[in-house]
Amino acid sequence: MPVTVGILGATGAVGQRLVQLLDPHPDFEIAALTASENSAGTSYREAAKWRIDTPIPDHIGEMTVRATEPAAVPDDIDLLFSSLPSAVGEAVEPDFAEAGYVVSSNSSNFRTDPDVPLTIPEVNPDHVELLDVQREQRGWDGALLKNPNCSTITMVPPLAALDEAFGVERVDVSTLQAVSGAGYSGVTSMEIIDNAIPHIGGEETKMETESRKLLGEFDGSEVEWLDADVAASCNRIPTLDGHLENVWADLREDVTPEEVAEAMAAYPSADLHSSPDPLIKVFEEPDRPQPRLDRNREDGMQISVGGIQETETGVQFNTLAHNTLRGAAGASILNGELLLEKGYV
């Protein structure tokens, strides 16, 4: 029998992606959708203002949107996917966990809390066991699991391959981030057309902290963050989807571009429905990856890398991922699959 799931914040950009990906999923069945008080009580078709490039499923469109509070969600929901704005998530996600719901959340709140696992299943699946610590410390019957920021998730799998093979000591990254990462109303056309915006509020701090937690070691009680400096510069460009990033990594060992490419291409995927194989596609062409050409590889879940060059202290490369698929909705669903595999659902 499929696992019954709900979506918190189902009408927004990531919420719509969750609907699109979950409706045909073999393991999950959508049984509840929540949104703001203004949308509660209306049909999902009316509330969502659907903007995804595939039709809204008829049976989903006719579902009634619920309020985003534990009392409004059926008790028999096995798993909740949260795409709430961070301020809302910070206020209500603990209430759902305390009420017994397991929550796989894309929202940025609590990501660096010591008892909240932040996971990419192909990189640090063992960190999900931090949920046992979380439940003991907070007294929750439910649980709260996070996926990282969309820009963080683009660079961490290649860095994980480098750290495992050669040891990472420092990372510098400059991002070229798509407008969809800001949501439908986040950046106006007058701001972004014929322009680039060299600031995305809070994004640099997320990349600098979340990456170190993801690449850290879990000892059974806490995560010891990666002992490396990470510095980020985040920029918005007029691309619809796909975050492209230029990364410089200082390594403990001397390496060649060929050795780096081999380590990344061989980095293992996960035996989960939404995880691509291979996880990382390495291009030999110096002008790849490109957002328009490569963001949808493996249903938008593959990480693409190219432009690998040797530096005096390590390596430089470019990396790309689809920010609303691999970087948001797909990441939460992949975490849900991990929760199911590990017996937390």
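This is a predicted model: local features need pLDDT of at least 70, side-chain atom pairs count only at pLDDT 80 or more; totals for chains, interfaces and linings use all residues.
A charge is taken to sit over a ring if NZ of Lys or CZ of Arg is within 6 Å of the ring centre and within 35 degrees of the ring normal. Under this criterion Arg51 lies over the face of Tyr184, at 4.5 Å from the ring centre, and Lys281 lies over the face of Phe283, at 5.3 Å from the ring centre. Residues are numbered from 1 along each chain as its sequence is written, and side-chain values use heavy atoms, with hydrogens and water left out.

Aromatic pairs were assigned to rings of Phe, Tyr and Trp (its six-membered ring) with centres within 6.5 Å, planes under 30 degrees apart counting as stacked, over 60 as edge-to-face and the rest as tilted; the count by this rule comes to 3. Tyr44 and Trp50 form an edge-to-face pair, 6.3 Å centre to centre with 75° between the planes. With buried meaning under 20% relative accessible area, exposed over 50% and partly exposed in between (1.4 Å probe, protein chains only), Tyr44 is buried at 0%, whereas Trp50 is partly exposed at 21%. Phe96 and Tyr101 also pair edge-to-face, at 5.7 Å and 65°, and both are buried.

Nonpolar cores were defined as sets of buried Ala, Val, Leu, Ile, Met, Phe, Trp, Tyr and Cys residues joined through side-chain atoms within 4.5 Å. The largest holds 41 residues, of which Met155, Leu159, Leu162, Met264 and Phe317 touch the most other members; its largest share, 7 residues, comes from α6. A second, separate core of 36 residues includes Phe28, Phe81, Val128 and Ala143.

Helices (H or I, at least four residues) and strands (E, at least two) are DSSP runs, numbered from the N terminus. In helix α9 (residues 257-266), Val260, Ala263 and Met264 are buried, and these residues line one face of the helix because, seen down its axis, they fall within an arc of 95°, the arc being that of the directions from the helix axis to the C-beta atoms. Glu258, Glu262 and Ala266 are exposed on the other side of α9. The buried residues of α9 are covered by elements including α6 (150-165), β12 (280-282), β13 (303-310) and β14 (314-321), where contact means heavy atoms within 4.5 Å.
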